[in-house]
Amino acid sequence: MNEQAAANPLGTERVGKLMIRYAIPSIISIVVNSLYNMVDQIFSGKL
(Lines give C-alpha, C1' and ligand atoms only; values in the text may rest on other atoms or scores of the structure.)
Protein backbone atom coordinates (compact mmCIF):
# COMPACT_ATOMS: atom_id res chain seq x y z
CA MET A 1 0.00 0.00 0.00
CA ASN A 2 2.85 2.38 0.78
CA GLU A 3 4.40 1.83 -2.65
CA GLN A 4 1.08 2.63 -4.29
CA ALA A 5 0.79 5.95 -2.42
CA ALA A 6 4.30 6.89 -3.49
CA ALA A 7 3.51 6.06 -7.11
CA ASN A 8 0.29 8.13 -7.18
CA PRO A 9 0.38 11.20 -4.91
CA LEU A 10 -2.93 12.62 -6.21
CA GLY A 11 -4.97 10.87 -3.55
CA THR A 12 -2.74 11.52 -0.56
CA GLU A 13 -0.79 14.73 -1.13
CA ARG A 14 -1.97 18.18 -0.03
CA VAL A 15 -3.83 20.23 -2.64
CA GLY A 16 -1.49 23.23 -2.35
CA LYS A 17 1.56 21.12 -3.05
CA LEU A 18 -0.17 19.46 -6.00
CA MET A 19 -1.08 22.89 -7.42
CA ILE A 20 2.55 23.94 -7.31
CA ARG A 21 3.66 20.66 -8.82
CA TYR A 22 1.18 20.54 -11.71
CA ALA A 23 -0.58 23.86 -12.31
CA ILE A 24 2.35 26.28 -12.09
CA PRO A 25 4.41 24.57 -14.87
CA SER A 26 1.29 24.47 -17.06
CA ILE A 27 0.64 28.18 -16.53
CA ILE A 28 4.27 29.01 -17.33
CA SER A 29 4.15 26.99 -20.54
CA ILE A 30 0.91 28.69 -21.64
CA VAL A 31 2.42 32.15 -21.02
CA VAL A 32 5.59 31.26 -22.94
CA ASN A 33 3.56 29.89 -25.83
CA SER A 34 1.39 33.02 -25.93
CA LEU A 35 4.44 35.29 -25.93
CA TYR A 36 5.98 33.26 -28.75
CA ASN A 37 2.79 33.59 -30.81
CA MET A 38 2.62 37.37 -30.25
CA VAL A 39 6.26 37.89 -31.23
CA ASP A 40 5.81 35.64 -34.26
CA GLN A 41 2.81 37.69 -35.41
CA ILE A 42 4.77 40.92 -35.01
CA PHE A 43 7.66 39.64 -37.10
CA SER A 44 5.36 38.08 -39.69
CA GLY A 45 3.38 41.32 -39.98
CA LYS A 46 6.52 43.31 -40.77
CA LEU A 47 7.54 41.08 -43.69
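Met38 is partly exposed in this predicted model, with a relative accessible area of 47%; partly exposed lies between buried, under 20% relative accessible area, and exposed, over 50% (1.4 Å probe, protein chains only). Met38 sits in helix H2, which covers residues 15-46. Two helices and zero strands are found in the protein chain, where helices (H or I, at least four residues) and strands (E, at least two) are DSSP runs numbered from the N terminus.

Residues are numbered from 1 along each chain as its sequence is written. As the model is predicted, local features need pLDDT of at least 70 and side-chain atom pairs count only at pLDDT 80 or more, while totals for chains, interfaces and linings use all residues; side-chain values use heavy atoms, without hydrogens and water.

The protein chain has an accessible surface of about 4,500 Å², 65% of it from carbon and sulfur atoms, by the Shrake-Rupley method with a 1.4 Å probe; for residues, only the protein chains shown count as cover. Of the 47 residues in the chain, 4% are buried.

The structure holds one salt bridge (a side-chain nitrogen of Lys or Arg within 4 Å of a carboxyl oxygen of Asp or Glu). It pairs the side chains of Lys17 and Glu13 at 3.6 Å, N to O. Lys17 is partly exposed at 46% relative accessibility, and Glu13 is also partly exposed, at 30%.
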